[in-house]
Amino acid sequence: MLLLGCVKEVSDYELAVSLPNGLSGFVPVTQISDAYSKLLTQQVAQGQVPEELNSLPDLFSPGTLLRCVVTSIEKSDDGRRSVKLSIDPKKVNKGLNSTALAAGMLLSGSVLSVEDHGYLIDIGVTGTHAFLPHQKAKNYIKAVKKGPDLKIGQNLNCLIVEVKNEGRVVCLSIDRSEVAASIATERQNWALSNLLPGLVVKARVQKVAPLGMKLTFLSYFTGIVDFMHMDPEKSMSYSPDQVVKACVLSVQPAARAVRLTLRPPFLHAGGAPRPLPGQRLGAVLEEATVKAFYKQFGAIFELDDGTLAFARLKHLSKTRKSFKPAAFKEGCKHKCRIIDYSLMDEMCIVSLKNQIIEARFLQYQDIHTGDVVQGKVLSLKPIGMQVKVADGIRGLVPSLHLSDVILKQPEKKYSIGDEVKCRVLECNPGGKKLILTLKKSLVQSKLPVLSNYEDAKPGLITHGFVVCAREFGCIVKFYNDVKGLVPKNELGSEPISCPEKVFYEGQVLKVMVLKCEPQQERLLLSFRLSSKPGPDDKWKSTPKEKQEVKYQIGEIVDVKILKKKDNGLEVSILEDEDNVVAWIPTLHLSDFVATSKLLWHCLREGDVLPRVMYLSDKGEHIILSRKSAVISAVQEEQVVRSFSEIQPGMMLTGYVRNVMPFGVFVEFPFGVTGLAPKVSMSDKFVTDTKDHFVVGQTVIAKVMSIDEEKQRVLLNLKVSECSSGDSAAESFALLNQYFKELKENRDLLRRGDPSICELVPGKRVHLVVQDVREDGSALFSVSSVTGLTVTATRYHLGDKKIAPGEKRKALVLHVDALTSEVYVSLREELLKQRP
């Protein structure tokens, strides 16, 4: 059976399609087209996404009309029927062959490939090559706004413009104005075996009945228009022999049944039905007026805003026994609720059932994180329990959340059909994802629900559950995947040496928020509910102890520069009433040694440096770092917190602490240090270690071996060993970071000496020769900038003879802001290349 449908929702794996008469169907991702399925197979085989493969949301938009063919009707466990569809042109246009093709025909096609002068289109007809020139596609592409080109698998309304070689070659157009003006005619020789939904025809009314009309079209076809598809404005004025414009809705060749629609949006090919006005889904209406009652089908109502709605027979009775046909005479008023919207019928679907009118949840959008809901157990699987919350709304209780303690045999506690009281942990209406918990401590909790980082104010006490207990402390989760860290010293009033033996995964505990950084999605928590630091707190007995409590390694702070010293910056941590003083070594200002020195040169006392990480407090000061690679490693937990966590083969980000003749010492966050011996330092032969590494350089090291007795770690720094699979992406990320920091430095430099920032590589400048040196190089001066040494080497003077006092044009090659040196070239071939 062929049907015209309208895309309702698009996910990565299927299209939800609205069908006529309030029905719905689904097009799986494998039923788009042969070319699209081929790309999917390629993705599975290669394990990576081919460049030409676009996701379904990139190809389809809600509201688009599609010709579909029913492939199967499946019945689910709860008795619901699911209609599976295909939009593959080979199945939709199965009844067509190359000899039947004629100019003016409107078909469904799918993009097969992108060529130099246009596109090859799959129209599902064996032996026919269909071509769409760029000229006939540009207006459509502009209107659809899905990129500069059509994409493989994109479904199109194709109008045949020309047929060549007895149907072996056809030229197509998808121009919206041409498609909209197309009308199926007798000249195109349509037959019942190949008649397609979506065709617009001129029809003659043969018979008018209460439930619809009978029409004749294309000379010898007969079709039915049911009561839901008459034009609502003219439904009472149709008469026999009247000529009307109609659109084919469905074709069932075996039963010789054709259904049509007279609704205005469908009377131009490629049109789109009107969406539901406003946010009306789920609205309860006190008075809806009966317009018509059909004893076998249901009733049509007029809503408060004048739009029409349909209620199926089973939805007309408030309860099973209360249905009375007399209550549905024209003009009677009833209370109802909008439960759906049929795009293909342009009608709201309503229900008069009390249980639906009073239902708390009708769709996923009605459910909010933290809501307590009643549900019915549908199934028990290793992953967890499936729960039915309402009609069409299902949720998952992960196995960790079936009880306050971990259940080894959940089937002994729960049975299918049991009523359960749950709490919503996470709800994503777009993905129809609902995660629930059955933990009584969470379901019955009266404490605030923490579902976003913005609400996590210091001092807030709430319930959370442990997801990880390790040597460094516990990670605790809340609602909507919000999580935070309880460091080791906040696990209890007494020190706990092995947290993993005291706490277990899934354990529900009260926690207090100590600190929150919403932008970084970082939360610092405590199990010591009375441990909020106060002015007389015992922790503040010495400055050292106070700092240990306040700052954890990896914590991000903003700082203000107090003093610039030769080897670093003395800073104070902002938003700290105690004005804690910390130290940023110059080499920790950036991952790049040259940038570190330049940044130190550009900064002034009083400047604020954002997003600096707490690194250690081993010496007199708290040590901070601004190395972005080190910060990322800590934030992404790609670090080791103690010697016991190190495993051979690990890739760790650190920085060079010392360069010795026999190798390089590398330090990692949390204080672990390792040695890269001379043989493992570089892919090249190493004569002098100082030629390869400098102190403070950021490096990625691979752990080769560990000696537990001597607590030694041997490292490998060879690039060939230390790059991950995607080394190109890593290199681009590093370059990107380098240029970003360079731009920041330039902005700071502009503040002190704006003139030097005007000189950028590639700029043409007018210079005055000051001196010609013995080695053949020359010294210049720039009239607009003072205090710079401008030099051109002998090679970059070209073959020009110059003398002091002469004016010359030159091209800037390099600017060294640290030494205030500028290197230029006078060579003609370089100057000619620049405008």
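**Inside the fold**

A: Cysteine 722 is buried, with a relative accessible area of 8%, where buried means under 20% of that area, exposed over 50% and partly exposed in between (1.4 Å probe, protein chains only). The model is a predicted one, in which local features need pLDDT of at least 70, side-chain atom pairs count only at pLDDT 80 or more, and totals for chains, interfaces and linings use all residues. Residues are numbered from 1 along each chain as its sequence is written, and side-chain values use heavy atoms, with hydrogens and water left out.

Another cysteine, cysteine 247, is buried as well, at 2% relative accessibility.

Nonpolar residues come next. In soluble globular proteins, nonpolar side chains tend to be buried together. The largest nonpolar core here has 53 residues, and Ile121, Leu150, Trp190 and Leu215 are those with the most contacts inside it; such a core is a set of buried Ala, Val, Leu, Ile, Met, Phe, Trp, Tyr and Cys residues joined through side-chain atoms within 4.5 Å. When residues up to four places away in sequence are not counted, tryptophan 190 touches Met105, Leu106 and Leu107, then Ala184 and Thr185, then Leu195, Leu196 and Leu199, and finally Leu218, Tyr220 and Phe221.

Aromatic rings deserve a look of their own. Rings of Phe, Tyr and Trp (its six-membered ring) pair if their centres lie within 6.5 Å, and planes under 30 degrees apart count as stacked, over 60 as edge-to-face and the rest as tilted. A search of the whole structure finds 10 aromatic pairs. One of them joins phenylalanine 217 and phenylalanine 221, and this pair is stacked, with 5.4 Å from centre to centre and 15° between the planes. Both partners are buried, phenylalanine 217 with a relative accessible area of 2% and phenylalanine 221 at 4% relative accessibility. Elsewhere, Phe227, Tyr294, Phe297 and Phe310 form one aromatic cluster.

Serine 86 has its place in strand 5 (residues 81–86), where helices (H or I, at least four residues) and strands (E, at least two) are DSSP runs numbered from the N terminus. At 0% relative accessibility, serine 86 counts as buried, and, leaving aside residues up to four places away in sequence, it touches Val27, Gln31, Arg67, Cys68, Val69, Thr71, Lys91 and Val92. The side chain of serine 86 is joined to that of glutamine 31 by a polar contact of 2.8 Å, a term for a pair of N or O atoms within 3.5 Å, one able to donate a hydrogen and the other to accept it within protein, with residues adjacent in sequence counting only if both atoms are side-chain atoms. A polar atom of the serine 86 side chain lies 3.2 Å from the backbone nitrogen of aspartate 88.

Glutamine 31 itself sits in the loop between strand 3 (24–28) and helix 1 (34–46), and it is buried, with a relative accessible area of 17%. A polar contact of 2.9 Å joins its side chain to that of lysine 91. Apart from residues up to four places away in sequence, glutamine 31 touches Leu85, Ser86, Ile87, Asp88 and Lys91.

Just after helix 11, glutamate 637 takes a positive phi of about 60°. Phenylalanine 670, although it is not a glycine, has a positive phi of about 75°; this residue lies in the loop between strand 37 (663–667) and strand 38 (673–677), and at 18% relative accessibility it counts as buried. By contrast, glutamate 521, whose phi is near 55°, counts as exposed at 52% relative accessibility, and it is found in the loop between strand 29 (508–517) and strand 30 (522–526).

Finally, threonine 789 in strand 43 (residues 785–792) counts as partly exposed, at 33% relative accessibility. Threonine 789 and serine 820 are 31 residues apart in sequence and 6.4 Å apart in space, C-alpha to C-alpha. With residues up to four places away in sequence not counted, threonine 789 touches Leu779, Ser820, Glu821 and Val822.

Terms used: Contact means heavy atoms within 4.5 Å.
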